[in-house]
Amino acid sequence: MSTAFLVLDDGRVFEGQSWGSTGKTFGEAVFQTGMTGYQETLTDPSYHKQVVVMTAPHIGNTGFNTQDNESEKIWVAGFVVRNPSSLVSNWRSENDLESELIAQNIVGLQGVDTRALTRHLRDRGAMRVGIFSDLEMTREEMVVEVRKSSQMSGSFLVSDVSTKTPYVVPAKGEKKFVVAALDLGIKSATPRALSERGVEVHVLPFDSTAEDICALSPDGLFISNGPGDPATMIQVIEVVRQILLKQIPIFGICFGHQILGRALGFETYKLTFGHRGINQPVIDKLTSKVEITSHNHGFALAAPTETEFTTVYGRGEVTHVSLNDGVVEGLHLIDRPAFSVQYHPEAAAGPHDAQYLFDRFVDMMSLKVGK
Amino acid sequence: MPRDTSIKSVLVIGSGPIVIGQACEFDYSGTQACRVLREEGIRVILVNSNPATIMTDPEFADATYIEPITPEVIEKIIAHEKPDAVLATLGGQTALNAAIGLFERGTLAKYGVKLIGADVAAIQRGENRELFRAIVEKIGGESALSIICHTMDEIFTAVKTLNYPVVVRPSFTMGGLGSGIAFDEEELRQIAGAGLRHSPTSEVLLEESIIGWKEYELEVMRDRKDNVVIVCSIENVDPMGVHTGDSITVAPAMTLTDVEYQRLRDLSLRIIREVGVDTGGCNIQFAVNPVDGRIIVIEMNPRVSRSSALASKATGFPIAKIATKLAIGYTLDEIQNDITKVTPASFEPTLDYVVVKMPRFAFEKFADADPRLTTTMKSVGEAMAIGRSFSEALMKALRSLERKEAIFSWPEVRAGEKDQLLSQISVPTEYRLQQVQRAMWAGATIDEVFAACKIDPWYLRQLELINQQAEQIAVPGELTSQILRGAKSNGFSDYQIAKIRGISEDEVRRIRHHLSIRPVYKTVDTCAAEFEAFTPYHYSSYEEESEVRPRTVPAVIILGSGPNRIGQGIEFDYSCVHASFALRAAGYETIMINCNPETVSTDYDTSNRLYFEPLTLEDVLEVIHAETQAGPLLGVITQLGGQTPLGLAAGLKANGVTILGTSPEAINLAEERGAFGNILFEQELTAPEFGMAASQLEAITIATRIGYPVLVRPSFVLGGRGMEIVYDDQSLAGFISRATDITPDHPVLVDRFLDSAIEIDVDALFDGDELFLGGVMEHIEEAGIHSGDSACVLPSMTVSADSLAEIIQATLMIARGVGVRGLINIQFAIADSKLYVLEANPRASRTVPFVSKSTGVPLAKAAARISVGSSIAELRAEGLLPTIGDGVAHGVSVKEAVLPWNRFRRLDGRGVDAVLGPEMRSTGEVMGISPTFGESYAKSQIQAFGPLPKTGTVFISLADKNKVHGVDAAAGLSTLGFKILATQGTAEFLASHGVPSVTVRKNSEGKGPMGERTIVDMINSGDIDLVINTPVGRGTRHDGWAIRTAAVQRSIPIITTTAGFNAAVEGIRFLQSNEVSIKSLQEWLA
């Protein structure tokens, strides 16, 4: 174990010890408040280019397995924890976390006051950060390097995480529907949730065109979660607009929700520190029921929450709102089959309260095709 | 959905006396409930027989009934008060059972009262094992394979399918009472037999053994819109086989992946919905097979529980408060999170720290008891600690227990120690974790230890790291910053570091402070710092950033009393909470330090700031340091939390801390025998003669000088431990050889024992000038029974006016002589019209809440004010104390102790002896208040031991020395129409005084030639309604023991003193011709 530093854009430095790979890494510092699910977080492509701070103090207790991966690899740019586990205890574990971080060349940091760091990020906002592990550098040199690294706002990152070629996740049991899923950083739990409902999912690269999508004669279009600034997603937004005109049911999650929102003409904005946790209360305005949901977003959609709105695609309304801070968490169109949520009904990690949204998507497709 | 406005008045049912399995967590939850309801403008009617609770303070309800919690009595209250609803889900199993009783009697229907929280059907679905199994199956979960049995025959048939070991669980009992694990037929016969008797429905469940599996508990809340949240997950360090209440537990769960945790969450949601707990909280327990993750649903409690209190303190999410709001119609999203102020209660708390709860046991009080931990709960209290790592929280929790044996140590390893410990840890006992740590210190590997005890390897690894840290500390050389930081962040105390290094604790502290290594204080905020916290609920950790905010208002620190134990329980929390309320009302800020999660004092609402910290000198000094930096600090109150804070007073003062109220020197004056003797001498007061013996010969010489009987005890233990009354040289010699390792360093105290004296307890306030006498209580049991176990009555019944005047005068002289500023409790004895001073405690006593309830004078509040400088005259003027005179009891109040005999068995499976003595064994108390002694006593017995019989058969066996004192009572029973059975000696004596009785055979005599049954047989077959058995020396002890344990096992009222016997006859006389009356405390005090 050698000394390692976490250096923030605003000059604050936290000292800890090396963990995982050594060297340096940069990204946007964000905190994640889930007490379980570090493996799902690590492998969630939406965390691409982010240095994730876990607020739960013990991380790695249950090791690492292949079943719980949300994608092929670890995406976080860096991983900051208080107490990494030096022993794994779980019947499904195949590897310990540090070995996995080293194998995937992820620079980590341990032994820092993660609560102080979290409070700092909460008050000052998510910001650029660097981890410098086992390096001989001065504080000034480290800060300069951090300030040279790229900002999250304006970042186009989807090309890094999207699949290069289409692939198919077959329906479980009888195939009822075909869905085209735009992979902007899709988590494996999403096609799984659809497949369990008799949906054959064609996962497509982010740069697929409307023609590519229509060529599949899909019953619905799914727009996935993903990293980066939604404002940079001009081409995908254009594709979504074309699909909207074709009356093909659309379901967007997270980044996909922001893209649908932008396609409808709304702006997106960056939250101070975002929502990243699995305990977030969201109210479904249509049923006034509360669901506890899994969140991972740094941007949000600016849309009116109290009244219906009108778009070029017809009327719509915000359906879900965060009870913590009033952020728009979901919307639908009234005149066309399209809806989206800012959070993660596929969970992984997190509660399964919002799984009904996949049923809602299936129902929407049933109505459309008259099944 | 706003609140249900049809509810204008609610009857809240409390949980009664503190017993094992049901402690002051229900005072915490009930107090929250009362506060919430009153804030909503709802009229609150409360019934609870426990006077030591905060909820029964007249200010917490509109009508407070300190009455027995039985359906009969509650029906009277309902008839009188006509509440719109009954809330029974916050008073533990007692309240829930009472609610079911009310439903079954038709009371609820008759008076049109609705049950809010959970309805009867839901309660039954949650608690009836067959119904619950069906629910688990329906929602896709799995239960352990099990069979319901109602007879021993059914039990023996069932075990053929389930095989040994087999788990026995009686239905409808609390705290796992009567349950256990049977490894063979004989054990099954014992455990299941007792289980059938304990279950009100004579029903037990036999279940496949899942011993050694991982155990989890989820705290769930649901509102009437069907929103459900999980408040907390709790993981047991002790795997399945040990009752959760006796297990070391951790929050949040440490060894589950998200996939596995979500499975438990999904099951919990489906269960609470299917059971139909419409509003409020419940907990659901799971077992997880560590090999393949198979999940078994164990049980649910459709109510707020002990775990709910723990979860509330562990997360900052006040379950009882929110459950109450949900019960009156609010939904989770309409309730604000108190801590963040901006977010709603409809979320799931997330923790950025680790919480460890340790049970506290009292096996030393029950020498015969089987020390093994099983599925019957035996712990009497618990401590909780919070840290930023498991090891930090664990080590803090261990020292919070205030037991030397609990704190990890690292002595030199003895040959063979490892194997010995490895074999010991396969049986769970009080100190198993310490044995595990020592086994690993002796070289046992994680695999070896896991094989022996099935504690999850993750926890074992943490113990290994703690041991490695100890090794680093031990390396000779300078205590560097790096070593100290490492040690402190792993939870090592200065004391532990000092022990390892062979230096003093002060020295370690000096070095540490010199290196500027001090704890920071983090905040419990429900949200892992995602939102700003506005409630200063802190815990220490050795990290970078402290969150203690500056203050401007002068503050007072109040030290709580730590984990509940026999002799130090809820009564002291009561006083601490009162002090906090009184000082806040007087314009001070209050800061509470305590580590007991069950209490009201550790509610973040009680004081301005709460520090959840161990009550050790080190931990307290660090809080004081942090708060001194934060703003003006007046000092520390140590006299209200019992012996724990009192014991810290001298050390705090030595470190420059201001002790408010009675000074440590004054405390020492009262506690040190010689000094106290001088005070008595100066004031011309008399104490029973005593001497200190360094040898057996010396002891006998002293005993001869002062005269038998004498009370003997080792000088180095407190709280009545190891005390005995001996009547002759032979038994004195026996005590010394048996009970003590007598040396000049460890002498034995020999006190004259005042046989048949009346014992008096006095609680008083003194401000340096004026004395306020709170109350003079007369014990019902004679001197020699620990005051905590003795019933007592206020006002005194047989003390003459002259004696009373003498008592008041003596109290004043002692208070002045000692230098009391605040509360003092003095025990007197009156023998042959002479007043003796037994002992004086310059602190809040166990009886303060009882006296306060009976007289309506808030003694603890006044004491707190006196300790910050107010005079009694000022407090009189302010209205906190009566304008003139002393405390006056309204009506006649009887306090009765509640004893936990039925919780303990000996290793051979038989009960422990149910006999009172100089050592305190009661866990709680009840109060009966009425116009007469007979009625008050009868009321106190109903809740403590079950109602006194109005007719039937009584068995009487009196020791020779008691025969004279018991004859009037026996004659009384005879006149009242009871059939009297007696052993030969007693029968002959009664006959000689004209009291008819039937002679029965002693147990030791065995069955008679014609098959005549012994008294034990008769008790066992349910033919006896009341047992009077006064113990004699060790000679016939065996017979008495068999009688008493049989009575306890059968739940037959048993009385072991003649004074108790006399009181019982008065009670029975009342019950024969009267119905128990009810009257609220507010009416009494009006």
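Predicted model: local features only at pLDDT ≥ 70, side-chain atom pairs only at ≥ 80, totals over all residues.
Residues are numbered from 1 along each chain as its sequence is written, and chains are lettered from A and ligands numbered from 1 in the order in which they are written.

**View 1. Confidence in the model.** The scores to keep in mind are ipTM 0.97 and pTM 0.95. For chain B, the mean pLDDT is 92, and 98% of its residues reach 70 or more; pLDDT is the predictor's confidence in each residue, from 0 to 100.

**View 2. Where chain A meets chain B.** Here 41 residues of chain A are in contact with 46 residues of chain B, contact meaning that the C-beta atoms, placed from the backbone, lie within 7 Å. On the chain A side, α3 (114-124), β15 (267-284) and β16 (289-302) each give two or more residues. The largest share, 5 residues, comes from α3(A). Helices (H or I, at least four residues) and strands (E, at least two) are DSSP runs, numbered from the N terminus. By class, this side of chain A has 14 nonpolar, 18 polar and 9 charged residues. Nonpolar covers Ala, Val, Leu, Ile, Met, Phe, Trp, Tyr, Cys and Pro; charged covers Asp, Glu, Lys and Arg; the others, Gly among them, count as polar.

**View 3. The two domains of chain A.** Domain 1 spans 3-148 and domain 2 spans 158-369, with bounds from an automatic or database domain assignment. Their C-alpha centres lie 28 Å apart. Across the boundary, 23 residues of domain 1 of chain A are in contact with 23 residues of domain 2 of chain A. On the domain 1 side, β3 (23-32), α1 (38-42) and α3 of chain A each supply at least two residues, and β3(A) gives the most, with 3 residues. That side divides into 7 nonpolar, 11 polar and 5 charged residues.

**View 4. A four-stranded sheet in chain B.** This open sheet of 4 strands runs in the order β24-β27-β25-β26, with antiparallel pairing; two strands pair if DSSP finds at least two bridges between them. The edge strands, β24 (690-693) and β26 (724-726) of chain B, each pair on one side only.

**View 5. Two paired strands of chain B.** Strands β25 (residues 710-714) and β27 (residues 748-752) of chain B pair in the antiparallel sense over 5 bridges. Look for B:V712, which stands opposite B:V750 in β27(B).

Terms used: Contact = placed C-beta atoms within 7 Å.
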